[in-house]
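This report looks at a pocket, a helix contact and a set of aromatic pairs, in that order. Please keep the sequence and the structure in view while reading.

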Amino acid sequence: MNDATSQQAAPVSTGESTREGVAVMRQILPVDMVERGRCPFDSPPGLQQRRGKGPVQPLPLLNGAQAWLVTGFDEARTVLADARFSADKVRHRDATSLQPHEVAASPEPDTAPNVESRDDGMFVFMDPPEHTRLRRLLTGQFTVRRMRALEARVTEIAVEHIEAMAAAGTEADLVPAFALPLPSLVICELLGVDYADRAEFQERTSTGLNAKASDEERAKARFELHAFMQRLVTGKRAKPADDLLSGLIHDADPPLTDAQLTDVALILLAAGHETTANMLGLGTYALLEHPEQLAALRADPTLIDNTVEELLRYLTIIQLGVTRVTTQPVTLAGVDIPAGATVVIATPEANRDPQHWPEPDRLDLHRPRTPHLAFGHGVHQCLGQQLARIEMRIGLGELFTRLPALRLAVPADEVPLRNEMLIFGVHSLPVTWA
């Protein structure tokens with residue numbers, strides 16, 4: 001759950017071109033740069049082919065626009081931390097959101113801000129100081145006390161679902177039986193969402209993230225999810241409880257509007273559910289396909305923290321789509337990038353930069369822990385990274401401890417991948433423990 005990933009997961013309430021740009025990001029890049037190849041855990045082939053050609057490269061888009069691709073770890077951190085690279089997709093034209101006719105009509109980067117002020121709550125698409133205020137309010141809600149309380153609840157939820165799987169037989173699809181409900185229930189509790197409403201939220205979010213869904217289907221899902229969150233905000237304003245959303249409503253000075261609160265809740269709900277669910281599913285798949293690494297974890301359960309960090313680096317489920325727009329000319333790694341240019345961060349490649357990790361394409365649970373970009377970097381770094389780590393540590397730990405014979409129930413090449421989705425993972429993961 002992080003600001004970078006939220007840019008793909010969250011419906012945007014301000015700026016139609018921004019909304020559609022998030023949905024069509026995959027449609028304006030060559031297929032070999034967004035779809036995984038023979039190994040589902042490696043970067044797409046088109047990205048791998050760019051290795052050794054520089055950490056910053058020109059990136060022609062299929063809509064006719066020119067962008068810049070960043071594959072180097074240090075360069076990616078610079079982009080994410082440098083104020084000259086704007087996250088504000090409302091004020092600045094992002095080339096990945098443009099249709100071909102828009103590019104043809106105005107091929108040069110537009111450096112003029114589109115709006116004077118912002119009154120929405122889409123903090124992942126904001127720069128300081130607007131971003132700073134909302135970020136500070138949210139940080140105040142992710143308290144140590146709340147995270148500790150959620151840790152106990154994560155354990156309860158994980159154990160309940162593993163026991164339910166075991167009681168139902170010796171086979172299950174791990175995605176709906178475990179990977180999806182665990183983070184879904186946790187983020188719903190964090191925000192104070194009724195358990196009974198989680199299926200509605202899950203369906204709407206999945207449709208909004210499906211690049212193969214029609215424009216009409218995505219629009220309908222966004223509208224319904226927005227209405228869902230509006231009802232939740234109205235309810236919390238009338239009857240507050242001990243949850244994050246109630247805290248944002250009643251602790252902010254000056255107060256946030258219902259529209260701002262709805263935007264914030266949408267980001268947190270979508271990002272906190274979708275990303276961790278896919279890491280649990282894909283992470284389990286990766287460990288089952290690397291038996292020597294799984295054996296090391298089972299022999300030494302204290303490796304679980306290292307396991308989580310290595311899986312975050314190795315898998316990097318954020319597909320291409322973390323973008324920034326330059327507000328002035330910038331020279332990065334010796335490459336001159338003009339003002340108004342769109343910069344695309346290839347996070348899967350940045351997290352496998354051979355300058356930072358020896359044998360970066362190898363899963364190694366004993367690898368010394370070093371910083372990675374799975375949770376972003378800079379002012380937009382993951383708000384809920386502590387919670388995400390808790391969910392992965394407890395979820396994977398309980399799963400492999402309580403089901404020691406866990407293995408795939410189908411050949412590995414029959415596991416359906418989420419290649420058409422903006423956040424990578426598996427659609428289903430048939431497993432058995434007989």
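## The largest pocket

In this predicted model, the largest pocket has a lining of 16 residues, and those that lie nearest its centre are R51, G52, T71, D353 and P354. The space in this pocket comes to about 240 Å³.

Sorted by class, the lining of the largest pocket is made up of seven charged, six polar and three nonpolar residues.

## Helix 9 against helix 17

Helix 9, which covers residues 181-191, packs with helix 17, which covers residues 385-402, at an angle of about 140°, and the axes of the two helices are 11 Å apart. The crossing of helix 9 with helix 17 is right-handed.

On the side of helix 9 the contact is made by L182, P183, V186 and L190, which meet L387, E391 and G395 of helix 17. Taken by class, the residues of this contact comprise five nonpolar, one polar and one charged.

## Aromatic pairs

How many aromatic pairs does the model contain? The count comes to three, and one of them is formed by F41 and Y314, whose rings lie 6.3 Å apart from centre to centre, with 35° between their planes. With that angle the pair is classed as tilted, because stacked planes are under 30 degrees apart and edge-to-face planes over 60.

The pair of F41 and Y314 links distant parts of the chain, the two residues being 273 residues apart. F41 belongs to the loop between helix 2 (16-24) and helix 3 (45-48), whereas Y314 is in helix 15, residues 304-315.

Note on methods: Residues are numbered from 1 along each chain as its sequence is written. This is a predicted model: local features need pLDDT of at least 70, side-chain atom pairs count only at pLDDT 80 or more; totals for chains, interfaces and linings use all residues. Side-chain values use heavy atoms; hydrogens and water are left out. On a 1 Å grid over the protein atoms alone, a cavity is a set of points where a 1.4 Å probe fits but cannot get out, and a pocket is an open set with protein on both sides within 12 Å along at least five of seven lines; lining residues have an atom within 4 Å of a point. Grid points are joined across faces, edges and corners, and a volume is the space filled by probe spheres set on the points. Ala, Val, Leu, Ile, Met, Phe, Trp, Tyr, Cys and Pro count as nonpolar, Asp, Glu, Lys and Arg as charged, and the others, Gly among them, as polar. Axes are lines fitted to C-alpha atoms, for helices over the stretch in contact, and angles run from 0 to 180 degrees between N-to-C directions. Helices (H or I, at least four residues) and strands (E, at least two) are DSSP runs, numbered from the N terminus. A crossing is left-handed if the near helix is turned anticlockwise from the far one by less than a right angle, and right-handed if clockwise. Contact means heavy atoms within 4.5 Å. Rings of Phe, Tyr and Trp (its six-membered ring) pair if their centres lie within 6.5 Å; planes under 30 degrees apart count as stacked, over 60 as edge-to-face and the rest as tilted.
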